Every structure is written in C-alpha cells, then in structure tokens.
Amino acid sequence: MISVIIPTLNEEQVIGNLLSQFSEELVKKFEIELILSDGRSQDRTVEIAREKVHIVVSHSGNGRQTIAEARNLGARRSSGEVLLFINADVRIEDVSRYLRDMLDVLQRPGVVAATCPVRVYPEEETLVDCIYHCLHNFHVRALNAIGFGTGRGECQVVKRREFFKVGGYDEKLAAGEDFDLYRKLARLGSIRYVRSVKVFESPRRYRKFGYLRVWLFWLLNALSIILRRKSFSEEWEPVR
C-alpha cells in the first residue's frame with residue numbers, strides 16, 4: 001500500500017484538483033490510501049476532500065500547527081509501506097508513471113527515499129521560473145548524488161520503516177523540515193533523484209515574495225538547521 005499524505009490549511013482552491021489526479025482505477029491499481037492532514041482550515045478544504053480521501057485527521061493542539069506536525073500526524077495514521085508526502089498545490093505530470101517509477105527505485109538495495117524534478121505549472125511558467133527551477137533541480141540532484149540528502153517537500157517519497165526510524169519530520173522546525181528529513185535519511189541509505197518523472201507547483205509564493213527572497217530564506221533555514229539544529233524562520237507564512 002502507498003499512503004499519500006497531504007498537509008492542508010485553507011486550500012479549497014487547489015485540493016480538488018490534486019485529489020482528482022487519483023482516479024478510482026489508479027487507487028485500486030496501486031493500493032493507494034489518501035490521507036488529509038488538516039491544520040484547522042477555515043474554508044471548505046475538508047468538506048471538498050472528504051468525498052475523495054480515506055482518512056481525515058485534524059490538528060487538535062493549541063496554536064498554529066507546523067507543516068512537519070501535519071505530515072507526521074498523517075503518517076501516524078497511515079498503513080502503507082511507502083509514504084508519499086505531497087503538497088495540496090502539486091500537479092503530477094503522469095501519476096501512474098510517477099508511482100511506478102518511484103516504487104521501482106525504492107525496491108533497489110539500499111534506497112530509502114526518492115525525489116524528482118519540480119517545475120512551475122506549464123501554463124504559468126515564465127523564463128525566470130524555468131531558469132530558477134532548472135538550477136534548483138540540478139542542485140537537488142547533485143547533493144543526492146554525493147550522499148548529502150535533500151528534497152523538496154512538494155513530493156517526498158519515503159519507505160515507512162526508515163521514516164519512523166529517523167523520527168519523521170522535526171516538528172520544532174517551522175521551515176526546512178523537508179530538507180532536514182532527507183539529511184537524516186541519507187545516513188541510513190541512498191536517496192534517488194528520479195529524472196523520468198516530474199511534478200509541478202503553483203508559483204504563488206514566488207509571485208508574492210520574489211525568487212531572491214524565497215531563495216534567501218531557504219538558504220538561511222538550511223544553514224541554521226545544519227549549524228544550530230533549528231530553523232531561521234519562526235514561522236512559514238502560508239500563501240493563498
């Protein structure tokens with residue numbers, strides 16, 4: 001079984017599009033379990049998702065939930081031997097091929113996790129989007145090739161046993177939790193960059209803050225996690 005874990009917070013505009021990619025035929029073929037882990041959305045996110053997902057879990061603690069907490073909460077309710085963490089705004093180029101190729105890679109000896117190229121929605125992609133994502137994808141591929149694990153939270157595929165062995169996502173991290181998880185997993189085995197598939201994300205964060213600011217915060221959070229074991233950002237602002 002593959003457990004697809006989707007963290008959400010006020011994602012009514014995109015959650016339907018994401019879930020529509022997982023047809024009934026596909027769910028049966030790959031034994032997919034769809035899990036929504038919601039951080040107390042104030043819109044129709046949960047209402048829309050209930051028609052499609054198998055499990056809905058909601059944040060019940062005090063204060064705002066980190067995305068790491070949301071992902072871990074979904075993972076604890078999951079049953080799959082493979083965990084696919086995917087953001088609500090993600091579009092997979094070919095879901096069947098994506099799942100097939102990821103599963104094939106995870107069956108290889110010593111492989112504990114996988115990632116793939118991330119691009120902006122084709123209909124919204126500009127030249128700047130293309131250049132930035134090509135450079136960033138090369139960066140992810142190169143770091144994994146030398147054994148320094150990294151991967152974007154948009155699409156992280158992890159073996160269940162290894163995920164829980166490293167303690168899952170660090171819930172104290174407001175940002176950079178995806179980078180931190182793959183660094184920990186790289187100590188247990190290899191992380192493969194699967195070039196045969198890709199996913200697309202909304203450019204909404206880049207449009208609001210600009211690439212320089214987003215990249216700078218990614219860099220500061222990564223360095224802070226490596227050197228201080230805590231994120232530079234005290235919170236990661238949601239963009240809707």
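Strand β4 (residues 82–86) runs antiparallel to β8, with five bridges between them. Pairing here needs at least two DSSP bridges between two strands. Helices (H or I, at least four residues) and strands (E, at least two) are DSSP runs, numbered from the N terminus.

Some ground rules. This is a predicted model, where local features need pLDDT of at least 70 and side-chain atom pairs pLDDT 80 or more, while totals for chains, interfaces and linings use all residues. Residues are numbered from 1 along each chain as its sequence is written, and side-chain values use heavy atoms, with hydrogens and water left out.

Stay with β8. Val82 has Lys159 of β8 as its bridge partner. Strand β6 (residues 111–115) also pairs with β8, antiparallel, over two bridges. There, Ala114 is bridged to Val157. How much of β8 is buried? Four of its five residues, 155–159, are buried, so the strand is largely enclosed by the rest of the structure. Buried means under 20% relative accessible area, exposed over 50%, and partly exposed in between, with a 1.4 Å probe and protein chains only. As background, side chains in a regular strand alternate between the two faces of the sheet.

Now helix α10. Helix α10 has 18 residues and reaches 25 Å from its first C-alpha to its last, close to the 26 Å expected at 1.5 Å a residue. The expected span is 1.5 Å times one less than the number of residues. Which residues of α10 are buried? Tyr211, Val214, Asn221, Ala222, Ser224 and Ile225. Their cover includes β7 (118–120), α6 (127–145), α8 (177–185) and α9 (204–209). Contact means heavy atoms within 4.5 Å.

Leu227 also sits in α10, residues 211–228. Leu227 is exposed, at 70% relative accessible area. It belongs to a nonpolar surface patch of about 900 Å², together with Ile146, Phe148, Leu212, Trp215, Leu216, Leu219, Leu223 and Ile226. Patch residues have over 30% relative accessible area and no salt bridge; like charges are joined within 9 Å, nonpolar side chains (Val, Leu, Ile, Met, Phe, Trp, Tyr) within 5 Å. Areas come from the Shrake-Rupley method with a 1.4 Å probe, and for residues only the protein chains shown count as cover.

Next, charges. The whole structure has 20 salt bridges. The criterion is a side-chain nitrogen of Lys or Arg within 4 Å of a carboxyl oxygen of Asp or Glu. One of them joins Arg44 to Glu47, with the closest N and O atoms 3.4 Å apart. Arg44 is partly exposed at 42%, and Glu47 is partly exposed at 48%.

Another joins Arg76 to Glu171, at 3.5 Å between the closest N and O atoms. That pair links distant parts of the chain: Arg76 in helix α4 (residues 67–76), and Glu171 in the loop between α7 (160–165) and α8, 95 residues apart. Glu171 is partly exposed, at 29%.

Arg100 and Asp101 form a salt bridge too, at 3.6 Å between the closest N and O atoms. Arg100 is partly exposed at 41%, whereas Asp101 is buried at 12%. Shared partners also join Asp170, Lys172, Asp180, Lys184 and Arg229 into one salt-bridge network.

Last, backbone. Arg229 is partly exposed, at 40%. Where is Glu31? In the loop between α2 (24–29) and β2 (32–38). Glu31 is not a glycine, yet its phi is positive, about 50°.
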